[in-house]
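Hello! Here is the structure I promised to pass on to you. Have a look at it first, and then read my notes below.

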Amino acid sequence: MKKAYIFFNCDEDKSLKSMNITYNTKVFKDTKTSRKMLWKYILTQQESGAIDIDNLEKAEKAVTEGDPCKASEYMKYGNIVQMDLL
């Protein structure tokens, strides 16, 4: 099954109720190009002050080469969720 990833702005606890699909509407496929786009989007969130990433290097590696959801461990006020595509 193919995968996709959605970045969510959220509260510090990453509670489901704080993740709003009508606000965070960008979906990124599980491809090299799309993962790079996801990382660029995450950086814009960091630069705007919407999220705080405590280890940029590890977060980038998780998004571009590993499991993008693991990058959430390094984010405050941000979370990546995996979705299965039909």
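**What I found**

Let's start with Thr22, which sits in the loop between β1 (2-9) and β2 (27-29). Please keep in mind that this is a predicted model. Is Thr22 buried or exposed? Its relative accessible area is 64%, and exposed means over 50%, so Thr22 counts as exposed. The side chain of Thr22 also makes a polar contact, at 2.4 Å, with the side chain of Asn20. If you look for Ser72, you will find that Thr22 and Ser72 are 50 residues apart in sequence and 20 Å apart in space, C-alpha to C-alpha.

With a relative accessible area of 33%, Gln82 is partly exposed. Which residues is Gln82 in contact with, once its neighbours within four places in sequence are left aside? They are Lys3, Ala4, Tyr5 and Cys69. From Gln82 to Asp67 the C-alpha distance is 9.3 Å, and the two are 15 residues apart in sequence.

Now for the inside. The largest nonpolar core has 15 residues, and those with the most contacts inside it are Phe7, Leu38, Ile42, Met75 and Ile80. Two or more residues of this core come from each of β1, α1 (32-48) and α2 (56-65), and α1 gives the most, with four residues. In soluble globular proteins, nonpolar side chains tend to be buried together.

Enjoy exploring!

Methods:
Residues numbered from 1 in each chain as written. Predicted model: local features only at pLDDT ≥ 70, side-chain atom pairs only at ≥ 80, totals over all residues. Heavy atoms only, no water. Buried < 20%, exposed > 50% of the residue type's maximum accessible area, 1.4 Å probe, protein only. Contact = heavy atoms within 4.5 Å. Polar contact = N/O pair within 3.5 Å; in protein donor to acceptor, adjacent residues only side chain to side chain. Core = buried A, V, L, I, M, F, W, Y, C linked by side-chain atoms within 4.5 Å.
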